[in-house]
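Visitor: Hi! Could you walk me through this one?
Guide: Happy to. Here it is.

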Amino acid sequence: MADYSLIIIGGGLSGLAAGIRFARFGGSVLILEKHAIPGGLNSYYYRKGFLLETGLHAMTNFAGPGEKRAPLNRLFRQLKLSRQEFVTREQYSSLIYFQGNNTLSFSNDFALLREEIACRFPGERDGFEKLLAIVDAYDPFTPKKWVSTRTVLGRYLHDPLLTDMLLLPLMVYGNSEEHDMDFSQFVIMFRSIYQEGFFRPGATMKDFLSLLVDKFISFGGEIRYNSKVESVALRDGKACGVVLAGGETISCDAVVSTIGAPGTFELLALPRQEEKYAGRMSFVESIYILPRQARETVRIDNTIIFYCLADRFDYGRPREAVDPSWGVICFPEHFVGIPPADYFQIRITHAANYDLWKKASALDYKAMKEEWGAKSRRITSKIIGNYQQNIVYEDSFTPVTIEKYTAKAQGAVYGSPVKVKDGITPCGNLFIAGTDQGFLGIVGAMLSGVSIVNQHILKAIDH
Ligand SMILES: Cc1cc2nc3c(=O)[nH]c(=O)nc-3n(C[C@H](O)[C@H](O)[C@H](O)COP(=O)(O)OP(=O)(O)OC[C@H]3O[C@@H](n4cnc5c(N)ncnc54)[C@H](O)[C@@H]3O)c2cc1C
């Protein structure tokens with residue numbers, strides 16, 4: 001008999017959700033995480049007494065506790081998490097800000113975006129309503145051929161500015177492809193951001209991760225940190241266990257890997273196929289901490305600002321190390337019901353070029369961080385006011401940091417542009433969940449973990 005029915009590689013959000021789902025049904029399950037704490041891309045660390053969250057601007061797919069059929073509540077039911085245990089704080093509103101002072105606001109009430117479009121783009125009103133009917137009727141979860149979102153939008157919207165404005169938040173928060181996106185992914189992101197909306201956990205991401213780990217353990221699951229999986233042991237083409245960095249072998253009946261397609265293939269001693277599966281979209285992010293008094297000098301009207309100061313919004317790997325001409329400015333504590341603390345944060349995200357950061361020497365890397373940080377602050381100060389003189393602490397990370405702390409090839413936050421939507425790999429009882437299965441973001445990663453267990457593991461394993 002195997003040591004465990006299921007081994008999950010990776011203790012990020014998809015791995016934790018998959019683990020809870022399987023443990024809930026009494027399955028013996030072990031999560032192996034190479035780092036000392038859970039969370040993966042969405043984790044936390046301490047610097048100078050500040051708790052910094054690595055991957056949280058906001059969670060998507062907001063739903064009130066009473067909306068039983070909403071994806072968020074379905075997810076929580078599947079994980080046996082109650083909305084009382086998990087307090088949510090909604091965004092105030094977010095802003096899409098394009099050059100020429102073109103703006104669109106949206107909130108968790110979809111009517112706001114509708115009104116904004118009718119008011120600022122009156123000629124596009126009917127086209128937008130027709131697009132909404134298409135989005136409402138579309139089933140993005142049934143496998144389909146790739147469809148160009150820009151082509152579909154071009155049928156209903158005639159002003160490229162509106163197309164670019166609508167695409168920016170959806171692409172930067174969940175598109176692994178450059179320049180265009182698959183229409184199914186557009187529909188998923190449109191619903192989760194514009195029609196459902198942003199929120200954050202009432203407490204910290206650290207607390208949310210503890211809630212998930214505690215739930216997993218309460219169902220009998222086991223988690224081991226500092227446990228890097230080096231390879232998957234195979235017997236007759238099927239996974240029969242995993243081998244850890246120290247040489248220890250742990251046997252199992254099935255494996256779920258959440259570390260992305262190239263990393264998973266490597267564990268199976270297959271070619272990594274980076275040319276096909278490595279994503280090209282990665283980011284730099286700066287986190288600035290300012291004292292409470294500095295709030296008066298910063299325009300904190302919105303929770304998140306998505307800006308573009310270039311003629312057209314080009315979502316792609318930039319030619320230079322960073323592209324500050326567009327980006328995201330987030331106030332991660334500026335959510336309804338979160339009282340002001342002694343300090344507040346500003347997080348700023350831009351597209352970045354992995355190759356240039358990767359090949360930089362240690363000295364150049366440091367200099368590049370300083371140079372691009374200064375450029376970013378100069379540009380974003382034009383939008384939110386000059387916050388620079390009040391910064392008491394700052395930290396930043398690059399595509400190389402993302403690659404180092406997760407297994408995302410080339411630091412691609414949204415993983416491969418080619419998704420393994422059914423989770424199936426050449427190894428019959430090993431499945432891919434998480435970013436490279438296709439659902440993106442925090443809620444998406446958790447939905448992916450749950451759905452892979454539902455579709456494959458619960459059926460396959462008689463425990
Ligand atoms: C800067 C940034 C900001 C973000 N902001 C948001 C946001 O505001 N809202 C949102 O919804 N999403 C956001 N995301 C995206 C979100 O964090 C991810 O989509 C989600 O967390 C992915 O979860 P995952 O489980 O698929 O992958 P991961 O989080 O990458 O988990 C994989 C885990 O596997 C572990 N691992 C890797 N290799 C091995 C190995 N060989 N053995 C054992 N363990 C291994 C890794 O350490 C990691 O913990 C952000 C991401 C980043 C980087």
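Visitor: Which residues come nearest to the ligand?
Guide: Of the 37 residues around the ligand, the nearest are Gly10, Gly12, Gly40, Gly434 and Gly441; "around" is judged by a C-beta atom, placed from the backbone, within 6 Å. This is a predicted model, where local features need pLDDT of at least 70, side-chain atom pairs count only at pLDDT 80 or more, and totals for chains, interfaces and linings use all residues. Residues are numbered from 1 along each chain as its sequence is written.

Visitor: Which helices each supply at least two residues of that shell?
Guide: Helix H1 (13-24) and helix H14 (441-460) do. Helices here are DSSP runs of H or I with at least four residues, and strands are E runs of at least two, numbered from the N terminus.

Visitor: Switching topic: what domains does the chain have?
Guide: The domain assignment, which is automatic or from a database, gives domain 1 (4-63 + 203-277 + 414-460), domain 2 (94-196) and domain 3 (280-405). The C-alpha centres of domain 1 and domain 2 are 31 Å apart.

Visitor: And how many residues of domain 1 are in contact with domain 2?
Guide: 11 residues of domain 1, in contact with 10 residues of domain 2; contact means C-beta atoms, placed from the backbone, within 7 Å.

Visitor: What about H6, is it enclosed or open?
Guide: 10 of the 13 residues of H6 are buried, so H6 is largely enclosed by the rest of the structure. Buried means 20 or more other C-beta atoms, placed from the backbone, within 10 Å of a residue's own.

Visitor: What do those buried residues pack against?
Guide: Their partners include strand S6 (94-98), helix H7 (183-196) and strand S14 (304-308).

Note on methods:
Contact = placed C-beta atoms within 7 Å. Buried ≥ 20, exposed ≤ 12 C-beta atoms within 10 Å, placed from the backbone.
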